[in-house]
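Open the model in your viewer and keep the selection panel at hand. The tour goes from one selection to the next.

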Amino acid sequence: MNIYDISEKAGVSIATVSRVINGSENVSEKTRQKVIAVMKENKYTPNAFARGLMLNTMHTIGIMCSDSSDAYLANAVYHLEKELRSNGYDSILCCTGYELENKQKYLKLLSSKRVDALILAGSSFLDLKSSNNAYIVKAAKQVPVMLMNACLNKPGIYNIVCDDCKAVEEAAEYLIEDGRERILFLYQARSYSAKEKQEGYRNALKKHHLPVDKALIRQCPKTKQLDQVEAFLEEISQEGVQFDAVLASEDFWAVGAVKYARHRGLSIPEDISIIGFNNSQLAQCCEPELTTIDNKVELLCKTTVHLLMQVLEGQEIPQSTTLQAELVKRKTTSIT
């Protein structure tokens, strides 16, 4: 049973059946009910792809994330899909990894699926080399692109970010005001977010007239093993680098720092203070519970979808929207 059969049984044109399916007002109520009755009688459900072609919309949003096993990104994807469903949209998720070639391939795949828009979740999609962002700029000429936690000021691209720079600056200041002067800053990748966080760290040191020691700014190796985090911190210590606090760009690394401190017999927060980032479940699962920066992932996702719906409705929205983070003080820092 297809649209042609329905038109024949209802005694109307194919165009009329299409208008009924698409909710057009250019159909009399009597004709509408007749067509609907025939569809019900024959248990006909309009093919979503065919309906999408007629409406020039598939009511589907493409979501790209680099790593769905990452706690932060997994949480973001959950909230994005939930918000999209509540607005009547389906989603297609592509986990791209971190290689540029794969990102380009998956974006091309999503474009071939006729998605109505793209959401790029995570700052890893914005390359610090501008020419590597050309594929995103090109895609934005076809459909709206919502860029989460990164900022690319090009037509058709809308940036929704947490102010990572300010968040880390305030966290570092909190440690400095508590008497910490040798703050080890850990970041995992060369991304837009990592760059912003490092700038916030440097700003805090300069504001309090402390030297920026490159030995205390470390890019962490990729790993999902806490033992490897502990070993990495032990290597830094063996180099003779002294630190009385750790400020990590992810909770995972901060929890690894807690493990390092415990095995070294350091008292937390008396001997060493530790702050993470993301306010993930890890922050409350470790002992002592982790002080961390809450970058409002749920609000970030809700805001992204809310703004996207406005774009799809033809409304004007700001190209960039910035949300503020919050320092959640727990037991790995002094509560003052």
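Which residue in β8 does leucine 184 stand opposite? Select leucine 184 and look across: valine 246 in β8 stands there. The model is predicted, so to speak, with limits: local features need pLDDT of at least 70, side-chain atom pairs count only at pLDDT 80 or more, and totals for chains, interfaces and linings use all residues. Residues are numbered from 1 along each chain as its sequence is written, and side-chain values use heavy atoms, with hydrogens and water left out.

Next, select residues 183-187 (β6) and 245-248 (β8), which pair in the parallel sense over 4 bridges. Two strands pair if DSSP finds at least two bridges between them; helices (H or I, at least four residues) and strands (E, at least two) are DSSP runs numbered from the N terminus.

Contact means heavy atoms within 4.5 Å; axes are lines fitted to C-alpha atoms, for helices over the stretch in contact, and angles run from 0 to 180 degrees between N-to-C directions.

Keep α11 (251-263) and select α10 (226-238): their axes come within 8 Å and cross at roughly 65 degrees. Among the residues making the contact are Phe232 and Leu233 of α10 and Trp253 and Tyr260 of α11.

Now show the largest pocket, which holds about 1000 Å³ of space. On a 1 Å grid over the protein atoms alone, a pocket is an open set of points where a 1.4 Å probe fits, with protein on both sides within 12 Å along at least five of seven lines; lining residues have an atom within 4 Å of a point. Grid points are joined across faces, edges and corners, and the volume is the space filled by probe spheres set on the points. Of the 41 lining residues, the closest to the centre are Asp70, Tyr98, Gln188, Ala189 and Glu250.

Last, select isoleucine 268 and proline 269, joined by a cis peptide bond with omega about 5 degrees. Proline 269 is in the loop between α11 and β9.
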